[in-house]
Amino acid sequence: MKTQAVIGAGFGDEGKGKVVSYLCTQSKNPLVIRYCGGQQAGHHVVLHNGLDHVCSNFGSGTLQGFDTYWSKYCTVDPIAILNELDVLKSKGVNPTLYLDERCPITTPYDQEYNRGIENKNQHGSCGVGVGQTIKREKDHYSLLVSDLKYPSVFKIKLELLTKKYYSCLGNKIDDFLRDCEELISCPNIKTPTAYIFGDNLYDNCIFEGSQGLLLDQKIGFFPHVTRANTGTRNILKMVDDPIEIFLVTRAYQTRHGNGPMTNEDIPHKILPNPYEQNFDTGFQGKFRVSIL
């Protein structure tokens, strides 16, 4: 079984989804594995037949009928998954998403708190609660996918979360509990108790990154970084096989939110456009060279 990793070399938005989609076409039955971040991803995939989708909670091989594995290093937003699943089904796609039982659950309260802090600090968060969920987990207020299998226990933990951690934000519990119950009972969503990619069901494991190396919580451009390991750190904890790494970049750079760009203080040296250069052919005329 091959092991490949697609990692952004910048601040994200490098085109990782397109690379993952292409690699899926080179295998008979690949498994796309998300190994960092969560529901903040926006990987736009377009097939040759014109079918397109922005993958957030499903891997970038979904349109081609390939399964997704959501590792324990990723946050899970039940509402976002169900909404995206409805969109995919409306496009004729019936995907399978494997959720590791150890994935932390993002609640509406995490998102509300996240957006409140973002309005104050202007850090550059997407506001979908990924970073706040990870922070809450580190504060020992844990909600995991495995808790969804025990609704009565999950409700108690959720109530304690709203009262002890978020104070007065707990006014959406019943609606959120219904969404969680729908997620865990959905036939498209499976929760294996072991790493399914170790059972030789797939011929290629494609690890799909989110964001980029310059936002890595260890080696990124502090302080405007993500709460995730965007490099190979998480991957190496899951597989022992050699990894073929694809670093994705592009000719220009963007980033979400605040924080410096790596080229802000570099003086610009504008070179002539090669398309406008005429070259003497040795004949009576001249011709223009197109450089691809």
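## Aromatic pairs

Y35 and F207 are both buried, a term for residues under 20% relative accessible area with a 1.4 Å probe and protein chains only, where exposed is over 50% and partly exposed lies in between. This is a predicted model, in which local features need pLDDT of at least 70 and side-chain atom pairs count only at pLDDT 80 or more, while totals for chains, interfaces and linings use all residues. Residues are numbered from 1 along each chain as its sequence is written, and side-chain values use heavy atoms, leaving out hydrogens and water.

The whole structure holds six aromatic pairs, meaning rings of Phe, Tyr and Trp (its six-membered ring) with centres within 6.5 Å; planes under 30 degrees apart count as stacked, over 60 as edge-to-face and the rest as tilted. The ring centres of Y35 and F207 are 6.2 Å apart with planes at 70°, so this pair is edge-to-face. The pair links distant parts of the chain, 172 residues apart: Y35 lies in the loop between β2 (30–34) and β3 (43–46), and F207 in strand β8 (residues 204–208).

## A tyrosine cluster

Y113 and Y166 form a tilted pair, 5.5 Å centre to centre with 45° between the planes. Y113 is partly exposed because its relative accessibility is 37%, whereas Y166, at 5%, counts as buried. Together with Y141 and Y165, these two residues form one aromatic cluster.

## The chain as a whole

Seven helices and eleven strands make up the secondary structure of the protein chain; these are DSSP runs numbered from the N terminus, helices being H or I of at least four residues and strands E of at least two. Of the 292 residues, 47% are buried.
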